[in-house]
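Open the model in your viewer and keep the sequence panel beside it. The tour goes stop by stop.

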Amino acid sequence: MLEQLPIATPEASARFGAPPKEGFTIAPALVQPTSRGQVRLARADWREAPIIESNYLGNDHDLAAIVRAIEVARELGHQKALDGVREAEVVPGPNATSRQDLVDLARTASASFGHAVGTAKIGVDADAVVDSNLRVRGIRGLRVADASVMPSIPAAPTNAPSIMIGGRAATLIKGAG
């Protein structure tokens, strides 16, 4: 992503220095990570917030992919075409020369785009949360109709498929009488 503003997580700013007030950011992103986190209940009380373990960059494949993406973003940022708008690379900065520096950046700058999917598996096996009609197993009258029932992450924002799932749920509910 190319953004016309300087952005960095607080952790990346602490490690590499805060970005200036004006600038741009080339932010690589994994649109289909293979690392998997989990969401689980903290207690049986539904009012208590669940425990969310995102597990960003939880496997070697994802880490290697984002480190390579950072290398490509740096190459892009140093192109002659950007000479008129770029003074210097700030994060990770010119002193970041080792692979470990890029691993540190990947680990401190990783964040979610808020497109979580796959936490409510559809199926009939023991791990399934909902059936093929989006009904939550074991809870009468409750359905799940959002991105959590998607079995995998689309290589795009999840808004349109979520609307489609909602439309399917509406049809199922209307048909239930």
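What follows is a list of selections and what each one shows.

This is a predicted model, in which local features need pLDDT of at least 70, side-chain atom pairs count only at pLDDT 80 or more, and totals for chains, interfaces and linings use all residues. Residues are numbered from 1 along each chain as its sequence is written, and side-chain values use heavy atoms, with hydrogens and water left out.

**Stop 1: two packed helices**

Select helix 2 (residues 60–77) and helix 3 (residues 99–109). Helices here are DSSP runs of H or I with at least four residues, strands are E runs of at least two, and both are numbered from the N terminus. At what angle do helix 2 and helix 3 pack? The angle is about 105°, and the axes are 9 Å apart. That makes helix 2 roughly perpendicular to helix 3. Axes are lines fitted to C-alpha atoms, for helices over the stretch in contact, and angles run from 0 to 180 degrees between N-to-C directions. Roughly perpendicular covers 65 to 115 degrees; under 35 is roughly parallel, over 145 roughly antiparallel, and the rest oblique.

Now show side chains. From helix 2, pick L63, A64, I66, V67, I70, E71 and R74. They meet R99, L102, V103, L105, A106 and R107 in helix 3. Contact means heavy atoms within 4.5 Å. By class, this contact has 9 nonpolar, no polar and 4 charged residues. Ala, Val, Leu, Ile, Met, Phe, Trp, Tyr, Cys and Pro count as nonpolar; Asp, Glu, Lys and Arg count as charged; the others, Gly among them, count as polar.

**Stop 2: the buried residues of helix 3**

Stay on helix 3. Select D101, L102, V103, L105 and A106, which are buried. Buried means under 20% relative accessible area, exposed means over 50%, and partly exposed is in between (1.4 Å probe, protein chains only). The buried residues of helix 3 pack against helix 1 (10–16) and helix 2.

Next, pick R15 in helix 1. R15 is partly exposed, at 37% relative accessibility. Which residues does R15 touch, not counting those up to four places away in sequence? They are D101 and D104. R15 and D101 are 86 residues apart in sequence, yet 9.8 Å apart in space, C-alpha to C-alpha.

**Stop 3: a cis peptide bond**

Go to the loop between helix 2 and helix 3 and find P92. A cis peptide bond joins V91 and P92, with omega about 5°. Is P92 buried or exposed? P92 is buried, with a relative accessible area of 8%. Leaving out residues up to four places away in sequence, P92 touches F16, R74, L102 and L105. Draw a C-alpha distance from P92 to L105: 6.7 Å, across 13 residues of sequence.

**Stop 4: positive phi**

Move to the loop between strand 4 (51–53) and helix 2, and select N55. N55 is not a glycine, but its phi is positive, near 55°. N55 is partly exposed, with a relative accessible area of 39%. L57 lies in the loop between strand 4 and helix 2 too. L57 also has a positive phi, about 55°, and is not a glycine. L57 is buried, at 10% relative accessible area.
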